[in-house]
Amino acid sequence: MEFLASMAIGVGIFVILASSFNLIIGHGGLMSIAHPIFFALGGYGSALLARDLGLGVPPAILLGALVAGAASVALSLPALRVSGDYLVIASIGFQLGLLQIIKNLDWTGGAGGLANIRPLFATYTIDTKLAYVAVVGVLAVATVLAVRGLVAGPYGRAITAMRDDEEAFRSLGRNATAIKVTLFAIGSMFAGLAGALYAHYYLYLSPEQFEILYSAAMLTMVVVGGVRTTWGPALGALLLQVLPQAINFLKLPTALTGPLQGIIFTGLVLFFLFTRPQGLLGTRWSPPARPEDDDDAPPAGDIMPPKTGVP
Amino acid sequence: MTTALEVRGLTKRFGGIVVAESIAARFEAGRIVGLIGPNGAGKSSFFNLVTGVVPADAGAVLINGTDATRLPMHARARLGVARTWQHVRLFASLTVLENLMIAPRRYHAETPLALVAPGRHETERRLRERAMAQLEKVRMVDFAQRRPGELSFGKQRLISLARALMNDGNVLLLDEPMAGVEGPAYEAIKALVRAEAAGGRAVCIVEHNISFVRDLCDSALFMFQGRILRAGTVSELIASPELTELYFGT
């Protein structure tokens with residue numbers, strides 16, 4: 001039972017991470033691989049606010065999420081003002097640099113990790129564990145619904161248009177930079193929320209849990225479940241959290257299970273990209289409809305002046 | 001007459017290629033000006049400099065008297081500059097109606113706060129009505145729920161014109177509005193552009209279809225190698241053997 005509760009919490013946390021990553025890379029079309037560092041900032045932020053500054057755990061969780069969202073602006077604002085392409089490179093630097101700082105500061109616990117984090121519930125019984133499952137579950141569903149609400153309706157229309165053709169979008173008077181920075185901040189805030197929930201359950205944070213490689217795991221969840229679908233990333237998170245655990249039950253030698261998990265992750269991404277790029281929940285991809293026969297126009301590109309107009 | 005758009009000494013070079021060399025021009029509200037010249041003369045680049053797609057090396061852009069030279073693209077659009085593109089550039093994932101609904105000068109959902117703003121449903125309804133009215137003008141109402149990719153190039157042109165007209169500002173830049181358009185749509189566009197000018201917009205048209213330019217434009221500018229070589233009526237310009245030679249490269 002305890003094992004199941006822990007697994008459910010792990011799934012819930014990754015549902016939040018995958019959904020918010022889907023918002024950034026899927027809906028926003030913003031190529032970033034810094035999602036793990038915002039996961040870390042939320043975790044460390046919340047843990048330190050509660051442990052060293054004596055804040056209550058619930059407000060610390062909220063503030064931890066806000067810390068991650070605010071920190072994202074420091075990355076996205078300068079990068080996105082130049083061009084979308086810079087975000088990828090800037091995000092690599094941000095991810096590696098900040099994690100290096102966390103590993104070398106005393107008050108974050110350095111490379112040894114941060115221990116003695118205050119729990120959300122004072123006692124650790126099976127009841128409080130189940131209560132934690134409920135809290136994470138509610139917040140995970142709330143995240144999925146918040147992302148859906150954001151990308152539907154008039155704001156979602158703007159996000160879609162921006163992704164389709166940013167220059168044409170700007171020429172209509174729309175501030176694409178503001179939309180990108182906002183989307184990135186909201187996505188990062190949810191990653192921070194996931195980090196804070198992680199910290200106050202496991203009560204220990206190690207910098208290794210936030211390495212750049214985890215953005216590959218999150219990307220796998222989004223791709224397998226379905227980019228730009230509502231529940232796809234959640235399904236991806238569930239599958240990719242549960243499958244590796246199932247392998248553990250096979251009682252294979254540990255020398256095998258480690259590499260096997262990596263192979264399965266990579267294999268899944270390749271399998272899906274080749275056979276089902278829309279993911280499990282995506283609607284079937286079809287090539288754009290052929291334009292109807294031009295009844296009112298000569299072939300595109302025929303821009304010679306008509307006979308009568310030539311001097 | 002009020003000057004809606006003015007450029008002074010507008011200059012732009014890409015390496016050794018001069019796309020604009022000290023261009024100075026005024027565009028008055030209510031007047032239609034043709035911008036003609038051979039391919040590569042810098043006509044589309046002129047639109048890109050005015051709208052802020054590319055920053056100018058030197059010179060100034062004034063939109064309704066406001067210096068917009070240092071302003072980003074979206075701010076210039078909000079000052080009242082609407083444009084179409086040579087390659088149409090509709091949003092492929094949106095319906096035709098949504099393509100128009102995203103295009104007013106002031107959009108109510110620039111931030112997620114709009115999702116909880118009071119009166120948002122009413123705002124959406126009014127916006128939809130405005131977009132449908134614009135589609136009505138180009139007779140594209142029947143295609144409101146279709147995706148642009150399903151429609152003919154000529155229809156996409158008409159829709160892109162309607163999208164530009166969602167900006168109620170007084171500067172309208174049309175980049176080859178007639179390319180790919182013939183038949184009844186041809187006359188419809190002509191009438192529409194005339195009506196927009198009569199409504200107080202300064203219109204500037206880049207167009208290779210000389211008869212269209214002659215029918216519609218009050219005056220024209222002849223561009224060559226990033227310069228405005230001559231200004232005058234369309235008939236004057238096309239009567240000049242020298243310009244005709246430059247145009248056709250004979």
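The area buried between chain A and chain B of this predicted model is about 3,900 Å², buried area being the accessible area (1.4 Å probe) that two parts lose on being put together, summed over both. Carbon and sulfur atoms give 60% of this area. In terms of contact (heavy atoms within 4.5 Å), 41 residues of chain A meet 51 residues of chain B. The model is predicted, with local features needing pLDDT of at least 70 and side-chain atom pairs counting only at pLDDT 80 or more, while totals for chains, interfaces and linings use all residues. Residues are numbered from 1 along each chain as its sequence is written, and side-chain values use heavy atoms, with hydrogens and water left out.

Between chain A and chain B, 4 salt bridges are counted, each a side-chain nitrogen of Lys or Arg within 4 Å of a carboxyl oxygen of Asp or Glu. Arg157(A) forms a salt bridge with Glu124(B), with 2.8 Å between the closest N and O atoms. On the side of chain A that touches chain B, at least two residues each come from helices H5 (126–151), H6 (153–164), H7 (166–171) and H8 (176–202) of chain A, helices being DSSP runs of H or I with at least four residues and strands runs of E with at least two. H6(A) gives the most to this side, with 7 residues.

Chain B contains an open sheet of 6 strands with mixed pairing, in the order S6-S7-S8-S3-S9-S10; two strands pair if DSSP finds at least two bridges between them. Strand S6 (81–83) and strand S10 (227–232) of chain B are the edge strands. S10(B) runs antiparallel to strand S9 (residues 219–224) of chain B, to which 5 bridges join S10(B). Met223(B) stands opposite Ile228(B) in S10(B).

Notes:
Chains are lettered from A and ligands numbered from 1 in the order in which they are written.
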